Amino acid sequence: MRKGLIIPLLEESLKYVSSNAAAYALLGRIYYDAGGELKAARNWKKAVKLDPWRKDIKKKLEKLEKEIETEKNFRTEEFRHFKVRFDGFERWDAAWKVLDDLDKAYYEIGGKFYIYPDKTLMTIIYTGEQFNEVSGMPD
């Protein structure tokens with residue numbers, strides 16, 4: 001079943017059984033994978049509220065909230081098979097360098113295996129400080 005069909009089915013089922021933490025967790029994951037960070041966060045918050053023992057979801061939610069805060073002023077540019085998110089005009093050169101490198105790799109690797117991704121791929125460029133904030137890695 002495609003994700004596009006799963007979302008309305010899960011949302012409809014939650015109208016009748018709104019206490020299903022696992023359904024909210026799954027819906028959050030589907031939204032996250034589809035680039036719907038705010039909807040993912042909303043559903044993961046409901047899952048954690050219903051089942052506070054779900055440490056895996058709590059951890060994902062905490063990381064996502066850091067991502068949302070860090071990326072709130074990021075811009076997004078699309079180039080062929082990729083979207084790149086980065087922090088403003090100061091990173092413009094870096095963004096285009098990354099897109100150029102990704103595009104070359106896309107054709108090189110795809111050509112070797114005779115297969116290419118069927119959807120746009122997202123890439124996020126962080127500064128070292130931003131990466132440390134989002135990932136929780138030490139300096």
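Helices here are DSSP runs of H or I with at least four residues, and strands are runs of E with at least two, both numbered from the N terminus. By that count, the protein chain has 6 helices and 3 strands. Walk along from the N terminus and the order reads α-α-α-α-β-β-α-β-α.

Keep in mind that this is a predicted model, where local features need pLDDT of at least 70, side-chain atom pairs count only at pLDDT 80 or more, and totals for chains, interfaces and linings use all residues. Residues are numbered from 1 along each chain as its sequence is written, and side-chain values use heavy atoms, with hydrogens and water left out.

Now for the overall picture. Along the principal axes, the C-alpha atoms fill a box of roughly 50 × 40 × 25 Å. The chain has 139 residues, and 29% of them are buried (under 20% relative accessible area with a 1.4 Å probe, protein chains only; exposed is over 50%, and partly exposed lies in between). Take contacts, meaning heavy atoms within 4.5 Å: of those between residues at least 6 apart in sequence, 45% join residues at least 24 apart.

Let's zoom in on H4. This helix has 17 residues and spans 24 Å from first C-alpha to last, close to the 24 Å expected at 1.5 Å a residue (the expected span being 1.5 Å times one less than the number of residues). Its buried residues are Ile 57, Leu 61, Leu 64, Glu 67, Thr 70 and Glu 71. What covers them includes helices H2 (21-33), H3 (37-50) and H6 (128-135), along with strands S2 (82-86) and S3 (121-124).

Leaving aside residues up to four places away in sequence, Glu 71 touches Arg 85, Ile 124 and Tyr 126. With Arg 85 there is also a side-chain to side-chain polar contact at 2.6 Å; such a contact is a pair of N or O atoms within 3.5 Å, and within protein one must be able to donate a hydrogen and the other to accept it, while residues adjacent in sequence count only if both atoms are side-chain atoms.
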